[in-house]
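I opened this entry to keep a record of what I looked up, starting with one chain on its own and moving on to how the copies sit against each other.

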4 protein chains.
Amino acid sequence: IPELIEEALEKAGLMKQLRPYIGGTGQIRNETIRQILAEFWGTLIFQMFGGSAPNKDTSAPAANGFALVAAIYAFCNISGGHLNPAVTFALMCTGHMKWWKGLMYMCAQILGAIFGALIYAALIPQLHIGGGNSSPGCFGPAQGTNWSEVFGWETMMTFSLVMTVYASAVSKPGHGNTAPLAIGLSLYAAAISGGPYTGASLNPARTIGPAVVFVCNVGVSFIYIIAEFFGAACAAGLSIFLYGRNPDLKHQ
Amino acid sequence: IPELIEEALEKAGLMKQLRPYIGGTGQIRNETIRQILAEFWGTLIFQMFGGSAPNKDTSAPAANGFALVAAIYAFCNISGGHLNPAVTFALMCTGHMKWWKGLMYMCAQILGAIFGALIYAALIPQLHIGGGNSSPGCFGPAQGTNWSEVFGWETMMTFSLVMTVYASAVSKPGHGNTAPLAIGLSLYAAAISGGPYTGASLNPARTIGPAVVFVCNVGVSFIYIIAEFFGAACAAGLSIFLYGRNPDLKHQ
Amino acid sequence: IPELIEEALEKAGLMKQLRPYIGGTGQIRNETIRQILAEFWGTLIFQMFGGSAPNKDTSAPAANGFALVAAIYAFCNISGGHLNPAVTFALMCTGHMKWWKGLMYMCAQILGAIFGALIYAALIPQLHIGGGNSSPGCFGPAQGTNWSEVFGWETMMTFSLVMTVYASAVSKPGHGNTAPLAIGLSLYAAAISGGPYTGASLNPARTIGPAVVFVCNVGVSFIYIIAEFFGAACAAGLSIFLYGRNPDLKHQ
Amino acid sequence: IPELIEEALEKAGLMKQLRPYIGGTGQIRNETIRQILAEFWGTLIFQMFGGSAPNKDTSAPAANGFALVAAIYAFCNISGGHLNPAVTFALMCTGHMKWWKGLMYMCAQILGAIFGALIYAALIPQLHIGGGNSSPGCFGPAQGTNWSEVFGWETMMTFSLVMTVYASAVSKPGHGNTAPLAIGLSLYAAAISGGPYTGASLNPARTIGPAVVFVCNVGVSFIYIIAEFFGAACAAGLSIFLYGRNPDLKHQ
Ligand SMILES: [Ca+2]
Ligand SMILES: [Ca+2]
Ligand SMILES: [Ca+2]
Ligand SMILES: [Ca+2]
């Protein structure tokens, strides 16, 4: 079958044009482009299933935790599976990501989250773009929760998520093939406990995506985003004390 | 004990007849037959426990996700544990399955799903063959969900499932012994989020099995099936860009 | 601290008596005794937490599935972590267990289940020995479920559990450190789907333990037990076709 | 980015003062300090998300089980990830921890639990320090459960948790990267079954932390604590019979 497709492309004259960018097996030659694609699609999938989950008991925590597990497994071979600008930011702080690549990752993640939210805006009946604060996937303080409590929860939850990332997937030897599971279960637990107060975003892309698509809680989104980056920076700091920053920094 | 059984078979004259097909330890000599058997039984188990689960909160997503985890673990050593014609189709597109073997896998999967549905038709009180649209395991659009939404959900859910399959179990080095877990948790998350709209099939065999046994939603099954194969083809396309198609294609 | 304990034991003259049975580090010298102990304690823990779980939505399936995961992880290094006479029986059929050792395992498992049920009989307020059919951990057909349906469910559920055991933990290379997880999730899924009809025992020790302690459903327990051994035997048969019986049979 | 931070620190004259304690990559030179920090932060995270989870169906068991999984994964590279004085006590009994280091671990764990409870005291609306017996994370017997039942449940639950720790993470070869998962799922199962009677603490730090912060059930906390240490000691005893105590005891 793949040979039939290739022949068809050949005839259409496309193969010739693609050849400089695409290797003999069809793989994109440029590693950075593969990584950007992986971050985009991974965050899109995570946003789509995590953001549209029904908000009841363990349903949303399980959907978010396991969608993150699956999306990291699905793309970590290519890009490391950050799927979260706060994770990427922490890795930039500790010298594990070059700053220009980190910014590209973040753009891909935010775009992925926007498209993920757009897709379920289209696929959920009665839901549409600009649906407002009650749209699925939108983050805002629960009734009775004030801004400093939101800030504290998002900081602590992102801190614990990013510490799990460092221990499992960044430090050596880490936890190998179980790393994505560890990271997703960290989100699962945080979402059960902090979810009733903030919705449990832990991820600037997940905050921005639905805010853009549904125009929801825009005035409060910046609190989430600052808290998430702050929690990630704290985790970066602790991880420097525990593991040290990237020793190969100069060569990167 | 196994020696007693062997002796009994010997006396019955069966061992002689079986000898050409069965090795010294009782294993079937032909690898393809073992693989077909594995796909049949794996899909049967997946259909039986996934299809009969009560449709409440996380019950059905957990039963489907974990039944898939267990069934892949139980049979992936033998056949790769596709248990899903959409997965097999994607692997045919990327050159990881020969087309004739892929078709045999698909037949085994569909037969397994039909028998799985037959078994719980027998084992659930008050349920019987031809039970109609409300029978357990039947897929149809939820009230208020239209056909294009069903198509979109099934495409996206199957896409994410098959991407997880490629990253975990097809690409090298993949995720080793955690691959079945990654794939099952991908289904778990998708079933929580997309389940309320389409029932979350993601699998043509799972769509066809109950449709045949309970004669349910037959008019709409083709939408599910097309969407599932389409989502799988999209995942095959992205995985070619990220990993390349099977480089050993010629020798297979 | 361990040296203080040793000294105390020494003074009490116990060390001298224990020396022939206990090695320099305190480990019991005889491997079979260690294995019997492991099967006893493992099944006790599994019965205690699995049997006493509240019967609501995913609570009982999760408690049973994860208690089994934990108990297998806790004792599989020592005894293989069968914790189920049906598993032991299957392994006897395929030549992976000597028959006399298998019988010892089964006794340890049944005793463990009885003690596990005794413990929660003591620890749950208002519950006592001989509490009858509604006692926690007792298995009986749900209202409207007949004996042949119970037989079918228990057969199929045990079959899928034991197939997972063979693929994960018996066949080579198996699934290494994820095997206990695979087996426990197989029980989790089965318990969601078949639990509403039979309670989902899948394990003669789990059937016998509470039946003895609470004198419950005694007339119907034999159906469960026969079905469980039958399902295990079917799995043994299929696993011979797929993997072959133990090739080292003669030397065992 | 890390270089910018270093330069800033350099200018502030801090680097010079820190240099004796902190290595070239920013890592703290002293291993014991790293371990104490890891136990403190790990228990803080575990207390924070485990203790604040809503007490409904599988919500609290999942939050506690998965928060423990994540916290062990996040810190086991550094300190072993005990996060529980009962675990540390057991390891002291079997010669795997020096007594002075064990006491330091315990202090770090208890402090971590106190800070964890303080944090959610601040972050949960309407909740405050000294909130009394109904505060989240407080352990006390359920209505109708007497002290000996509490003692029995906590003993058995801690016993099963610590046995899983020994098999997965202490004995050789153990269960490698899946050990944290095994331990967390052991807590998950125990919390479903014993949670309705005692709240399922299994951990003296988790008992003390909220008792100190919310002044709750202080009169009954000692029962929990004694039972937890007793259960851990029993597990240490059984693990000596099964695996032996640490053979490198003399050199430690
Ligand atoms: Ca719409
Ligand atoms: Ca029927
Ligand atoms: Ca009692
Ligand atoms: Ca407060």
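**Fold of chain A**

I read the elements of chain A from the N terminus on and found the order α-α-α-α-α-α-α-α-α-α, that is, 10 helices and 0 strands, where helices (H or I, at least four residues) and strands (E, at least two) are DSSP runs numbered from the N terminus. This is a predicted model, in which local features need pLDDT of at least 70 and side-chain atom pairs count only at pLDDT 80 or more, while totals for chains, interfaces and linings use all residues. Residues are numbered from 1 along each chain as its sequence is written, chains are lettered from A and ligands numbered from 1 in the order in which they are written, and side-chain values use heavy atoms, with hydrogens and water left out.

I noted that the C-alpha trace of chain A spans about 65 × 50 × 30 Å along its principal axes.

**Interface of chains B and A**

I counted 45 residues of chain B in contact with 45 residues of chain A (heavy atoms within 4.5 Å). The two chains bury about 3,700 Å² between them, 70% of it on carbon and sulfur atoms; this is the accessible area (1.4 Å probe) lost on being put together, summed over both.

Which residues form the salt bridge? Lys56(A) pairs with Asp57(B), with the closest N and O atoms 3.0 Å apart; the count between these chains is 1 (a side-chain nitrogen of Lys or Arg within 4 Å of a carboxyl oxygen of Asp or Glu).

On the side of chain B that touches chain A, the elements giving two or more residues are α5 (85-93), α7 (147-170), α8 (179-198) and α10 (218-243) of chain B. I found that α7(B) gives the most, with 12 residues.

**Relation between copies**

I superposed chain B on chain A with a rotation of 90° and 0.0 Å of shift along its axis, at an RMSD of 0.0 Å (least squares on the C-alpha atoms of residues with pLDDT of at least 70 in both). That is the relation of a four-fold axis. In chain B, the C-alpha of Thr178(B) is nearest the axis, 4.9 Å from it.

I also checked chain A against chain C, which do not touch, their nearest C-alpha atoms being 10 Å apart.
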